[in-house]
Amino acid sequence: MKAVTLNIALLAAIGSTTTVPSTGITTLRSEAQKKGILIRSGAINPTYLNDSSFAAVLAQQFNSLSPENELKWSFIHPTPEHYNWGTLDRLVSFAEGSAMVVKGHGLISSCCNPEYLLNITNRAALHQAMMTHFEAIMHRYMGKVDRWDVVTEALKTMGGGLNLNYFYNISGPGYIEEAFRIARCADPGAKLFINENLVESLPQKRQELYDLVASLVANGVPIDGVALQMHITEVAPIPGVITDIAKSYNALGLEVTIAEMDVHTLNNTLETEIYGAVISEALAAGITDISF
């Protein structure tokens, strides 16, 4: 039911008027591609592809995907000398075979960091570890993954400053700039994003993120955009907020995407209304990379 609800809401928001005779509804993918929109299915665990029905719907309805946790440090690089390439290779291979583009999610995150990394206690050694990690991953998937969430959830969940995570504790706030500079060197052609949650609903945090990103831009840090997670429970963002966010970052020369949208409610009518309202405003604001 939720898949149908999402499909109907998004097709209405995109402005589709066409249908497929056998089902009565066209695909998200076909309508999105007509209008240059990336409709992305996020949080894909490669094991989901074992379900042939899931894999078929994924390829039919979406033109882009991103992994769930497979790119977070402890999953992809659990020990200094070992990388778990198999799971991500499978996801990237599926995307290539289905003519889908891939976003790499989670180069740096507050969670999922292995013990050997946490044992590093000085900035220079951490910088070297980041370089080794980024280069191995981004070189392997160069040309196959065209955009990356370089830093995820740099701010405290409810706002109030930078998240005092491991990277901050070792390198201070400069770890964010370092991460983007390392990523740009590792893959000069990829788009680089900062990924954050709740900024559409928390005005203070919204300003904190803007101030952080504006300072990165002012310092010449190679950042291409801001990825809004957009996890919504029961109530859509206030109308106009998404538009204001997009305009503020566009003015800095940056792209805004919706990175992980989901709507939490047991009311299917309300769910449809929220998806429709958010996507309609996002598209009107020029956001064309939308992930669920």
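Helix α11 (residues 241-250) and helix α12 (residues 268-284) have axes that come within 9 Å and cross at roughly 30°. That makes α11 roughly parallel to α12, a label for angles under 35 degrees. This is a predicted model, so local features need pLDDT of at least 70 and side-chain atom pairs count only at pLDDT 80 or more, while totals for chains, interfaces and linings use all residues. Residues are numbered from 1 along each chain as its sequence is written, and side-chain values use heavy atoms, with hydrogens and water left out.

**The helix pair**

- Two packed helices are described by the angle between their axes and the distance between the axes.
- Here an axis is a line fitted to C-alpha atoms over the stretch in contact, and angles run from 0 to 180 degrees between N-to-C directions.
- Helices (H or I, at least four residues) and strands (E, at least two) are DSSP runs, numbered from the N terminus.
- In α11, Val241, Ile242 and Thr243 meet Val278, Glu281 and Ala282 of α12, where contact means heavy atoms within 4.5 Å.
- The residues of this α11 and α12 contact divide into four nonpolar, one polar and one charged; Ala, Val, Leu, Ile, Met, Phe, Trp, Tyr, Cys and Pro count as nonpolar, Asp, Glu, Lys and Arg as charged, and the others, Gly among them, as polar.

- A salt bridge is a side-chain nitrogen of Lys or Arg within 4 Å of a carboxyl oxygen of Asp or Glu, and the count comes to 11 salt bridges.
- One of them joins the side chains of Glu31 and Lys34, at 2.9 Å from N to O.
- Glu31 and Lys34 are about one helical turn apart, because they sit three residues from each other in helix α2 (residues 28-34).
- Glu31 is buried at 4% relative accessibility, whereas Lys34 is exposed at 56% (buried means under 20% relative accessible area, exposed over 50%, partly exposed in between, with a 1.4 Å probe and protein chains only).

**Salt bridges between strands**

- Arg40 and Asp289 also meet through their side chains in a salt bridge, again given as 2.9 Å, N to O.
- Arg40 lies in strand β1 (residues 38-44) and Asp289 in strand β10 (residues 289-291), so this pair ties together parts that are 249 residues apart in sequence.
- Arg40 is buried, with a relative accessible area of 1%, and Asp289 is buried too, at 2%.
- Asp149 and Lys103 form a salt bridge of 2.8 Å, N to O.
- That pair links distant parts of the chain, with Asp149 in strand β4 (residues 145-152) and Lys103 in strand β3 (residues 101-108), 46 residues apart.
- Both Asp149 and Lys103 are buried.
- Salt bridges that share partners join Arg40, Asp146, Arg147 and Asp289 into one network.

Terms used:
Parallel < 35°, antiparallel > 145°, perpendicular 65-115°, else oblique.
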